There are 2 protein chains.
Amino acid sequence: MKRRQFLRGAGIAAAASAVAAPAVAQSMPEVKWRCASSFPKSLDIMYGTAETFAKAVAENTDNKFQIDVFPAGEIAPALQAADAVQKGTVEMCHTASYYVDKDPTFALGTAAPFGLNARMQNAWQYFGGGIELMNDFYKGFGIYALPCGNTGCQMAGWFRKEIKDAADLKDLKIRIGGLAGLVLAKLGAAPQLLASRDIQSSLESGALDAAEWVGPYDDEKRGFQKVAPYYYYPGWWEGSFMLHNFFNLEAWNNLPKVYQSVLRTASGSANEWMLAKYDAANPPALKRLVTNGAQLRAFPQPVMEACLKAALEVYAETSAKNEAFKKVWGQMLAFRNDGYLWWQVAEASYDSFLIRNRTRT
Amino acid sequence: MKRRQFLRGAGIAAAASAVAAPAVAQSMPEVKWRCASSFPKSLDIMYGTAETFAKAVAENTDNKFQIDVFPAGEIAPALQAADAVQKGTVEMCHTASYYVDKDPTFALGTAAPFGLNARMQNAWQYFGGGIELMNDFYKGFGIYALPCGNTGCQMAGWFRKEIKDAADLKDLKIRIGGLAGLVLAKLGAAPQLLASRDIQSSLESGALDAAEWVGPYDDEKRGFQKVAPYYYYPGWWEGSFMLHNFFNLEAWNNLPKVYQSVLRTASGSANEWMLAKYDAANPPALKRLVTNGAQLRAFPQPVMEACLKAALEVYAETSAKNEAFKKVWGQMLAFRNDGYLWWQVAEASYDSFLIRNRTRT
């Protein structure tokens with residue numbers, strides 16, 4: 001994006017600096033941005049995260065900095081929101097970095113099979129060098145990114161048949177993409193990426209055997225249990241599913257420092273907002289799903305182990321041919337291993353005791 | 001606090017509104033506040049949370065709204081920070097609500113024995129009615145509160161001898177307060193609140209048998225393992241330890257809307273900052289502690305069960321004589337039970353698989 005184009009798009013009120021206004025008025029000009037969300041309004045928590053972020057930016061600046069959020073498809077298709085930012089069509093988008101298929105390194109910003117959980121993902125991003133490391137990589141695409149939302153660990157999705165051992169994954173036609181698709185392909189599955197609107201009918205006709213979506217709150221609205229009743233967990237490919245604000249790097253660099261700070265703080269606050277909202281919405285949705293026919297199933301441990309083994313192969317192969325991926329994954333993995341060393345002590349033992357004694361009140 | 005006193009203390013620059021300045025200058029006057037932290041600088045993550053919050057407020061307002069943070073003891077002692085806010089000595093404090101011993105309901109804002117974990121605490125505060133419910137209660141004390149930080153699940157602390165069954169808790173002189181102290185007293189322990197500086201020598205002399213502090217990162221600096229080597233988990237009284245910003249209600253109500261929004265967003269962002277920082281700092285500290293002599297021990301399940309039983313008695317007794325406590329705890333408990341119903345599915349199975357397979361890379 002040319003600087004002139006940014007200035008026009010940003011709508012800086014040149015008149016404001018002409019009057020003898022106090023410093024605050026000069027440092028906080030009127031700016032209008034557009035944000036392409038990768039999510040439809042029906043995924044109301046994900047879409048709502050960008051709206052919550054934009055509302056905080058407006059309110060924190062007395063409406064001087066306004067960001068209009070557009071649902072997927074209005075300015076850019078869901079998977080091309082980052083392209084629109086790169087080209088400068090919009091100043092920012094709210095997206096999952098793993099929608100960008102230009103380089104597998106993008107995927108690591110969102111979710112990694114057998115990677116960090118949601119709290120570790122925050123710890124890694126903010127204090128483990130994640131934000132710096134990922135932005136070193138994004139810089140090559142003209143993007144500056146900040147974490148903005150998380151679903152927590154997702155469900156593995158909806159299956160027409162039970163998965164009793166790893167052999168049941170063979171020839172499984174499952175709607176899934178990215179690194180998880182590569183892992184499942186190693187076990188003989190046939191991963192495919194289908195448009196969201198076609199999932200239901202494909203599961204019904206048998207064109208699909210299984211489909212992953214999000215978790216109880218979002219899945220419930222789709223009614224998948226009517227066509228594929230086995231609801232598997234955990235979604236080992238999305239132990240954390242982190243969204244980001246992608247800013248056009250030139251637009252970001254041209255902002256006054258005070259607005260960069262406002263965006264940083266509002267991104268942090270919205271990052272937490274989304275996870276808390278899912279954590280509040282998922283439990284009652286899970287109860288309703290089970291009442292309405294969903295059959296909860298855990299992947300058997302040998303299936304999980306076969307998937308882990310295949311994932312390690314995918315990581316080794318991808319790292320061998322991609323330096324950026326190797327660097328980021330290597331650092332994440334070390335952080336995850338230390339993270340779980342501590343997690344197993346206080347957190348996991350507290351949680352498991354309360355899971356067992358939940359109903360003793 | 002009288003309105004005049006607030007206006008003087010807040011330092012609103014009256015002159016600014018006299019000139020024909022744009023709306024932004026009028027809505028964003030110069031304000032200076034003081035924040036009494038309940039923490040010393042040596043608890044650098046807790047103290048740093050207030051500093052991080054104050055820095056965001058200043059940067060997001062182009063330094064128009066400045067908050068000076070003071071460590072525990074400079075304006076008010078650690079446990080009296082909330083009093084200073086109530087009296088209007090300071091506009092705000094950063095504290096643990098359970099330091100306020102006026103009513104046991106205060107404790108529930110920070111931590112409840114066998115209560116919510118850190119993510120559930122956020123979910124409850126932001127979307128389970130927690131912020132509204134707690135502020136209904138705080139209103140009677142002239143306080144408005146927003147979550148601002150969490151340690152995650154704490155360790156149970158340092159013990160001179162092993163705890164092999166519930167009988168070993170009898171006559172145990174343990175440094176601990178609040179609801180957890182009441183629970184342990186039911187099992188025959190002798191809970192006591194000692195000043196921080198006296199813990200080490202009391203453990204050494206045998207005046208104390210055990211002491212709880214925080215978790216690996218903060219505990220390491222104290223060197224407790226030299227005098228009480230058994231490091232127990234989980235801290236069932238602090239599955240989540242949430243800090244808050246307490247604002248003087250009149251000072252809060254007198255702020256321009258834009259500054260209320262800035263404080264809300266900066267509190268949310270700092271709330272996340274602290275948990276992520278502990279999650280990054282605890283794993284390497286735990287490794288060093290174990291190398292330096294700490295003996296990690298899990299409470300045996302029968303001990304945990306005896307503590308749970310005693311906690312349920314404390315909850316029942318406190319609820320019987322305190323309506324506010326009963327209302328808040330009842331709602332938290334329902335939220336926790338649903339929360340763990342969902343948690344045991346995706347999150348806990350993902351975590352436990354990775355704990356078992358952490359080193360397979």
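Which residues are buried in helix 7 of chain A? In this predicted model, local features need pLDDT of at least 70, side-chain atom pairs count only at pLDDT 80 or more, and totals for chains, interfaces and linings use all residues. Residues are numbered from 1 along each chain as its sequence is written, chains are lettered from A and ligands numbered from 1 in the order in which they are written, and side-chain values use heavy atoms, without hydrogens and water.

The buried residues of helix 7 of chain A are A:G130, A:I131, A:L133, A:M134, A:N135, A:F137 and A:Y138. Buried means under 20% relative accessible area, exposed over 50%, and partly exposed in between (1.4 Å probe, protein chains only). Helices (H or I, at least four residues) and strands (E, at least two) are DSSP runs, numbered from the N terminus. Helix 7 spans residues 130-138, and seven of its nine residues are buried, so the rest of the structure largely encloses it. The cover over these buried residues includes helix 5 (105-108), helix 6 (118-127) and helix 14 (323-343) of chain A. Strand 4 (143-150) and strand 10 (242-248) of chain A are also among the covering elements. Contact here means heavy atoms within 4.5 Å.

Chain A also holds an open sheet of six strands, in the order 7-6-8-5-9-11, with mixed pairing. Strand 7 (190-192) and strand 11 (295-298) of chain A stand at the edges; each has a single partner strand, so one side of each lacks a neighbour in the sheet. Two strands pair if DSSP finds at least two bridges between them. Strand 9 (residues 230-233) of chain A pairs with strand 11 of chain A in the parallel sense, over four bridges. A:Y233 has A:A298, in strand 11 of chain A, as its bridge partner.

Chain A can be laid on chain B by a turn of 180° and a shift of 0.0 Å along the axis, with an RMSD of 0.0 Å. The two copies are thus related as by a two-fold rotation axis. Copies are superposed by least squares on the C-alpha atoms of residues with pLDDT of at least 70 in both. Of the residues of chain A, A:S269 comes closest to the rotation axis, at 2.2 Å (C-alpha). The copies meet through the same surface, because 100% of the interface residues of chain A are also interface residues in chain B.

Over all chains, the structure holds zero disulfides (pairs of cysteine sulfur atoms within 2.5 Å). The sulfur of A:C153 is 14 Å from the closest cysteine sulfur, in A:C307, too far for a bond. A:C153 is buried, at 2% relative accessible area.
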